[in-house]
Structures are given as C-alpha cells and as structure tokens.
Amino acid sequence: MPPEGRKRRASYGLHTQKRIRKTPDPTKTTNINMKATRQTMQALALAWACLAPLTYAEDSQATKLLKKRSEHLKPLVTKVSPSVYVASGYSPANISMIVGTDGVVIVDTGTFPDHAKAVLKEFRKVTDLPVKAIILTHGHGDHTGGASALVEDAKAQPAIYARTPFNPEGAMFVAGGVQINGLRGARQGGFLLPPDKRINNGIAPAVNPPQDQNIFIGRPPRPTDTFRDGRKKISVAGLDIELVAAPGESADQLYVWFPRERVVFTGDNFYQSWPNLYAIRGTGYRDVKEWIGSLEAMINEKPAHAVPGHTQPIVGERRTTEVLNNYRDAIKHVFDKTIEGINKGMTPDELVEYVELPERLRDLDYLREYYGNIEWGVRAIFTGYLGWFDGNPTHLFSLPPAEEAKRMVKLAGGEPALRAAAARALKEDDAQWCAELCDQLLALKPGDQEIRTLKAEALEALAGKLITATGRNYYLTVAQELRKISK
Ligand SMILES: [Zn+2]
C-alpha cells in the first residue's frame, strides 16, 4: 500500500473503477441530479476546509499504527517451551537460547556485541550453562554482528553452524565494488535521522549503528560447520536439532527445527509484518517461489511454536498453524497474481494496481506493511523474472531526464507555471505529484534550493502517511539531504 491519500491501489482503486464503469448511462442523469451533486460537493469542500487544520495536526492512521507497533518491539524474554527462550527487542534481530544438559545453543546473535551481552545477562538468570554452539539462520549483519560477545563468554570455542555459501549477498556487493547500498541502507534504516524523526523500523526498535559500519553487509563470524542443501541433523549440549536449507529472504537462509519441543526458528522467512520480498536499500532478486516453498516446509514440520527472526514469537500450535498458513497464503497469492498479470502483458506500474491481498488477509496485523511493502514485492517479482525492461518499447530508449524536463516546462507554459503547479499540488495534498513535478524542475536545475525544499516538504508529507518504516525513513532522510544547501 502506498502512502495514504495516493488512491491508486486496488482496494480503493480497481474495485471502485469497476463500480464506476457500472454506473448508469450519464446521458440519463438529470440536471437536478447534477445540481444536487454540485451542492453536496460544495458542502463537503467547506467541511473539509474547516476540518483540514485539525486533520493535519493529528497523526495519520499509518503513523498511529506504526507508533503502536513500538509496544511490540520493547525488550522481552519469552519462554516459548520448556527449553526455549527468545529475547526480542534487545537488538534489531532476535537472539534465542535452547537449554541442553551441559550447555546451551544460541540461535542468531543480534546486531552488535553489546546487544548480545545484554541478552546473555537475561539468559544467565535462567541458566549458567556455557554456550556450546551458535546457529546463524543466515549471514545478514543484523543476525550475526553480536557473535563475538557470545564466543568470548563461552569457555571453549563454540561450533558456529550456517549454510554455505554464507552471506552471498554481502559477498556480491564487495566483489562487484558496489558501495551505494551502504548509503541506501542507512536511509532505509533511518540511521542518519535525528532520534525524534524515527518511530521504529517496523520489525525492530530504532537502533543506530557506529558510523563506519554497514550493518547490512556486517562483519559476520566465520562459521565452523556448514552445509549446502537439504537437512543437517546435529547433536549438541544433549540436544537433537535439525538445520534445514530454506532459501527465501536470502539464498543462505536456514530454519532450525527442534523436534523434542516442536519449535521452528524461522530466520527471516517469517516475522510479524509483510515481508521484505525486496529491500529498497537495493538487493538482487529474493526468490519468492523458493520462499513460499520454505514456508511450506516449515508448516509441514507441524510446529507448536514459531520463533521469527524479528518480532515476538508465536506460541501455541493452533495460532502457529494459522499464522504460518496465512503468511504462506498471502505471499503465494501476491506471487500468483503478479505472474498472472505479467502473462497478460502488464508492466510493473500496472501490476501494482492489479495485485492486492484477498479480503480475509488484508487486516491481519502480522501481514501489515510495517517493514516490507506489497508494491515493492510485486515489482521485484517482475524484475526477478524479466529484468528491467517493462515491455513497453517507449521505454527502450527513454528521453534523458533533462530532455524530458525541457519539454515538460514548455508544455506547462514555462518554468514559473511548472513551479506554481508543483507548489499547488502540495497545497492540494497531492504530495506524490508535487515530488514528480519537482523532479522535472530539478533535472534542469539540481541546485535550485526553493524546489529542493519543496520536494523535501512533499517527501515529508508522504512519509507521514506511509506505514512502511523503511520507506518512511528513506523519505525523511532524502528530505533532510535536500534541505541542506547545495553547493
Ligand atoms: Zn533480519
């Protein structure tokens, strides 16, 4: 769902359009009806004008929901089953402990050593047994960066389990010399924003990493025991545990199955939010088809509890079954509809209006777009299969931005008219259009501070109406960049 007010998604777009098409023949509409409609619209406009200042002073529905989410992200240790403890909210990613006979097994390490230390302190209230093994559900920095604190705490070097090739996403950026993902990641994470501009990260509390560190690449520890595919059974600290290859959010993802207490540790293939099928910091294709298969495999284990990579665990068999099934259904629906639209020849811009969640899944809190966004997932699926070309030959060789802008200025009746239209769009609460017109003007004069500031205002307006924390942070950070006087 885009920011509130940009009414283009099917939930209030396609269906409405269909209804409009079914309205009676307009030639049969009487003058009286038209007059009545005009009067109603004038009355509504007046009411809106009176209410508008109040409405602006209040949080949007999206912001209210995102603020409420912060409650869910507070530090909490949950005893999920007799031997399984989950620390959520101490770090962007969860840290879990399985208590064995002569040691404990840790699943994921949190983002920074200090976070892991804080969690260990809590876990030590339960047991003093040493860390015998660490399992990394995947190589992303938010799950691996705390490992050194856990290794330090252990009496002997613990085994570190992961899949191979480990952290291929980070390795690809490094090998290709791609660095911009560091800045884009910081924008997405809100790391460059003052604390009062951040609410949370949708599935994680707001945390600031050290300036020199790209947490999305991270500095993961070197795994000591790896496997490539299928299922690896391990026995450690008196516990029988199964590690299962589960590509999805990353190619190196695994889930942990603890059969004795029927607990599945899902990694980032599940958490309580619409998933990041695509991350706006920039990632290669996350294979959504495989992701669905991995959820299917977890469901087939018949778990009684699910421990996600972020957010609080799901406890109890009925709830776990229901949540995982709905989660799988939702992703599968979006995937299937996207492919259906692709085969009809739709472009990504058309697909995002075509694909929507079915009614029964739309308002489930664990599918809300706190972190990922359905539209971005739809675009990613298109690109994953077909690459950048949307199929419209006009776009094979698009006009360069400055050339298009020159023509737009002419069409608008000159630069002052285009500037006025951009300013008017914001006043009329059409922030997206304002930003798009600003882009035209900035293509010709990138340093124009008046337009940079206007675009910043448009982005801030969009941020205030978007529930997806990653997009909200990105809007606000770029607004901050635009407000800085350009040289
Ligand atoms: Zn994560």
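How many bridges join strand 8 to strand 9 (residues 239-245)? Six bridges join the two strands, which run antiparallel. Strands here are DSSP runs of E with at least two residues, helices are runs of H or I with at least four residues, and both are numbered from the N terminus. Two strands pair if DSSP finds at least two bridges between them. The model is a predicted one: local features need pLDDT of at least 70, side-chain atom pairs count only at pLDDT 80 or more, and totals for chains, interfaces and linings use all residues. Residues are numbered from 1 along each chain as its sequence is written.

Strand 11 (residues 263-267) is largely enclosed by the rest of the structure, because five of its five residues are buried. A residue is buried if 20 or more other C-beta atoms lie within 10 Å of its own, exposed if 12 or fewer, and partly exposed in between; the C-beta atoms are placed from the backbone. In a regular strand the side chains alternate between the two faces of the sheet. Both faces of strand 11 are covered: Val263, Phe265 and Gly267 are buried on one side, Val264 and Thr266 on the other. Strand 10 (residues 254-258) is joined to strand 11 by three bridges, and the two run antiparallel. Val256 has Phe265 as its bridge partner in strand 11. The hairpin of these strands has four residues between them, and Arg262 there takes a positive phi near 50 degrees. Strand 11 also pairs with strand 12 (residues 305-308), in the parallel sense and over four bridges. Val264 stands opposite Ala306 of strand 12.

Another open sheet has seven strands in the order 1-2-3-4-5-6-7, again with mixed pairing. Its edges are strand 1 (76-81) and strand 7 (225-227); each has a single partner strand, so one side of each is left without a neighbour in the sheet. Strand 1 pairs with strand 2 (residues 84-88) in the antiparallel sense over five bridges. Val77 stands opposite Ala87 in strand 2.

The axes of helix 16 (residues 431-444) and helix 17 (residues 449-463) come within 9 Å and cross at roughly 155 degrees. Axes are lines fitted to C-alpha atoms, for helices over the stretch in contact, and angles run from 0 to 180 degrees between N-to-C directions. The two helices are therefore roughly antiparallel to each other (angles over 145 degrees). Residues of helix 16 in the contact include Cys434, Cys438 and Leu442, and those of helix 17 include Leu454, Ala458 and Leu462. Residues are in contact if their C-beta atoms, placed from the backbone, lie within 7 Å.

Two loop residues were also examined. Arg368 lies in the loop between helix 12 (359-362) and helix 13 (374-386). Arg368 counts as buried, with 20 C-beta neighbours inside 10 Å. Not counting residues up to four places away in sequence, Arg368 touches Leu65, Ser273, Trp274 and Ile467. Asp128 lies in the loop between helix 4 (113-123) and strand 5 (131-135). Asp128 is exposed, with 8 other C-beta atoms within 10 Å.

Notes. Parallel < 35°, antiparallel > 145°, perpendicular 65-115°, else oblique. Contact = placed C-beta atoms within 7 Å.
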